[in-house]
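The sequence and structure are shown first.

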Amino acid sequence: ATLGSCMGCHYSTYPPMNYEGLVDQDSQQSSLKLIAPNSAEDSYFLHKISGTHLDFGGSGSQMPLGQDPLSSDDIDLVVAWINQGALLE
């Protein structure tokens, strides 16, 4: 469900909203990586979905835009995935 909340708007964006376009890639809004494997706290993606992105040099609104924020359980899943290396499989 989490990824579906993103893909509605980010399906054809640059950088692409896919694994290669997110993991270990520089954010264009912050000095953080979009997703920094093994470090959720250093991942702009986490801050953007948590609403803390402005504290890290980001801009704009919390994601997903125009929808309810992700549940704490969904955010916890993202944190765990990133902290376990953000592996594709």
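## Overall make-up

The protein contains four helices and zero strands, where helices (H or I, at least four residues) and strands (E, at least two) are DSSP runs numbered from the N terminus. Along the sequence the pattern reads α-α-α-α. The model is predicted: local features need pLDDT of at least 70, side-chain atom pairs count only at pLDDT 80 or more, and totals for chains, interfaces and linings use all residues. Residues are numbered from 1 along each chain as its sequence is written, and side-chain values use heavy atoms, with hydrogens and water left out.

Of the 89 residues, 36% count as buried; buried means under 20% relative accessible area, exposed over 50%, and partly exposed in between (1.4 Å probe, protein chains only). The accessible surface comes to about 5,500 Å², and carbon and sulfur atoms hold 53% of that area, as computed by the Shrake-Rupley method with a 1.4 Å probe; for residues, only the protein chains shown count as cover.

## The nonpolar core

The largest nonpolar core has 17 residues, and those with the most contacts inside it are Ile35, Phe45, Leu46, Ile49, Ile75, Val78 and Ile82. Such a core is a set of buried Ala, Val, Leu, Ile, Met, Phe, Trp, Tyr and Cys residues joined through side-chain atoms within 4.5 Å. Helix H3 (44-50) and H4 each supply at least two residues of this core, and H3 gives the most, with four residues.

Helix H3 also holds His47, which counts as buried because its relative accessibility is 3%. Leaving out residues up to four places away in sequence, His47 touches Leu32, Ala40, Glu41, Thr52, His53 and Phe56; contact means heavy atoms within 4.5 Å.

## Helix H4 and what follows

In H4, Ile75, Val78 and Ile82 are buried. These residues lie on the same side of H4, because they cover an arc of only 55° around the axis, taken from the directions from the helix axis to the C-beta atoms. The face turned away from this buried side carries the exposed residues Asp73 and Leu77. Beyond its neighbours within four places in sequence, Ile82 is in contact with Ile35, Ala36, Pro37, Asn38, Ser39, Ala40 and Ser43.

Gln84 is found in the segment after helix H4 (72-83) and is exposed, with a relative accessible area of 60%. Gln84 and Asn38 are 46 residues apart in sequence, yet 5.6 Å apart in space, C-alpha to C-alpha. H4 is also followed by Gly85, whose phi is positive, near 105°.
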